[in-house]
Amino acid sequence: MASSGVVFPVSTGTERSTSALGRAVVADALRPVDPVGARAAEHETNWRADYLVHFRRLVEAGLTSGDAARASAAAGLASLHDRMRVVTGDGEVGLREAFDRAPDASAELSTVTVGGDGDTDRELSLPYRGERLRGDALFRQLDAWVGAGVVEPSCAEAVRAVAANPDWLDLSDVRVVALGAGAEMGPTHSLLRWGGEVVAVDLPRPQLWRDLLETARRYGGRLRVPVAAARRDHADLAEVAGADLLHQLPAVADWLLGVDGRLVVGNYVYADGATNVRVCAAVDALTEHLRGRRPDTAMAFLATPTDVFAAPGEAVAQADEKYRQPSALRTLRGPVRMLSAGRLLRRNYPPAADPGVCDSLVAQQGPNYALAKRLQRWRAAVARHEGATVSFKVAPPTRTRSVVKNRVLAAAYAGAPAFGVEVFEPATSNTLMAALLVHDLRNRPPVREHVWQEEAQGAAHGGLWRMPYAPRSALGLAALLGLGGARN
């Protein structure tokens, strides 16, 4: 485990256990709404394998009311902030207390702004299967996705609204802080193409920054780049650009507080394994700190489709219709279920459930990934209720590098179309998600009666919510079907 920066708390002796932290935070989140579930999470002896049931229980416990879901979210966030630690040169402090310490002078960040001389695009277009869809072609594709159950109707409506109002693409009135600016799923590329101003935060990796700088120079937007103040005049900007959220949290906070204009903090960070929880905890603490000093700060999140969500009754009805339709899978369903003792090809929902619970958690992604993504959902629910502008969107299954390097997931994605699930290319996903961000910044999403309704609005789940079979019960078969087509 890391010896400095944001770290897990010590659980026993000198061990900083990721499982102990996960059990404790999930139990604390369940405690206000499901005390029995909280005890079950606390006493789970095989967290790495059996975490799935507890993350599902978090969603189910929040379905009784919006207040219950928000109370659970607030308790989970408080537990995380109370437990996570920041190791400094002279000791260890709590996550919140890290901002009370003055950043080391050597960590002070300066800004270099890079602008491009390219044209500013004021027409919404979507790269898709070798074409660039715009106008009627874009609208036909949106209709096709809705008809196939790939996106929720509200997603298509939002994209149509952006296309009909191209002036919305001009985001010169805000500063979009892209945490994880180089992420494949992030909006950096689209926002720069539309002439926006992106405040970029990502690790000091020269090739990553060369790619970002090349994009900025190609289009009409502007990229604000963090650079160590002492190295601001270095000849090669890519060599000195970047900031590490895990180890430079106070310095990044001070830098962002010095940015003029209204901030939109977008969380697009990702790391492998336990580091993902650490960096997402750092981002959440940073966001809370910024909002405390600049209350008009907006937030943006992309939720993974491979999580547990409540799906509206309309989605349940379409899944049920698909379940009853004649197909090769329906013919094989009986024998497959019998041979697998009922584990495979289970029905996605009970008939007429409203809402239904779609459990798309993938065991291979692990409890750290699940917790990191759940933190974002909790923050979105709490912040929206507190009056913040929050863009929270479920993104489609996408062939990102982090996904396809896992052979099981890569094969499952290759075989997913057999079950009515469309897997998107990164360029399509990130442009679609950027358009939905624009919509939410121009049309503030309301607080709804239930948190699950807020999460379902504009969801582009790729078809997971409207497929006939419980996603995990079809994953193995999808992987078998996709073995020949998986891209590694």
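Helices (H or I, at least four residues) and strands (E, at least two) are DSSP runs, numbered from the N terminus. This is a predicted model, in which local features need pLDDT of at least 70 and side-chain atom pairs count only at pLDDT 80 or more, while totals for chains, interfaces and linings use all residues. Residues are numbered from 1 along each chain as its sequence is written, and side-chain values use heavy atoms, with hydrogens and water left out.

**The second largest pocket**

On a 1 Å grid over the protein atoms alone, a pocket is an open set of points where a 1.4 Å probe fits, with protein on both sides within 12 Å along at least five of seven lines; lining residues have an atom within 4 Å of a point. Strand S2 (85-88) and helix H10 (249-257) each supply at least two residues to the lining of the second largest pocket. This lining has 18 residues, and Thr88, Asp104, His247, Gln248 and Pro250 lie nearest the centre of the pocket. By class, 10 of the lining residues are nonpolar, 6 polar and 2 charged (Ala, Val, Leu, Ile, Met, Phe, Trp, Tyr, Cys and Pro count as nonpolar, Asp, Glu, Lys and Arg as charged, and the others, Gly among them, as polar).

**Parallel strands**

Two strands pair if DSSP finds at least two bridges between them.

| Strands | Sense | Bridges |
|---|---|---|
| S7 (residues 174-179) and S10 | parallel | 6 bridges |
| S10 and S11 (residues 298-303) | parallel | 4 bridges |
| S11 and S14 | parallel | 5 bridges |

Arginine 175 has leucine 263 of S10 as its bridge partner, and valine 265 has methionine 299 of S11. Between S10 and S11 the chain passes through helix H11 (residues 274-293), and this β-α-β crossover is right-handed (with the strands pointing away from the viewer, the path from the first strand over the helix to the second runs clockwise). Leucine 302 stands opposite lysine 393 in S14.

Buried means under 20% relative accessible area, exposed over 50%, and partly exposed in between, with a 1.4 Å probe and protein chains only. In S10 (residues 262-267), 5 of the 6 residues are buried. In S14 (residues 390-394), 5 of the 5 residues are buried. In a regular strand the side chains alternate between the two faces of the sheet. Val390, Phe392 and Val394 point one way from S14, while Ser391 and Lys393 point the other way.

**The loop between H13 and S13**

Most residues other than glycine have a negative phi, and most peptide bonds are trans. Proline 355 lies in the loop between helix H13 (328-339) and strand S13 (356-359), and the peptide bond to proline 355 from aspartate 354 is cis, with omega near 0 degrees. Alanine 341 is also placed in the loop between H13 and S13, and has a positive phi near 55 degrees. Leucine 345 lies in that loop too, with a positive phi near 55 degrees.

**Helix H19**

Leucine 477 lies in helix H19 (residues 471-482). Contact means heavy atoms within 4.5 Å. Leaving aside residues up to four places away in sequence, leucine 477 touches Val336, Leu344, Leu345 and Phe419. The buried residues of H19 include Pro471, Ser473 and Leu477, and the buried residues of this helix pack against H13, S13 and helix H16 (407-415).
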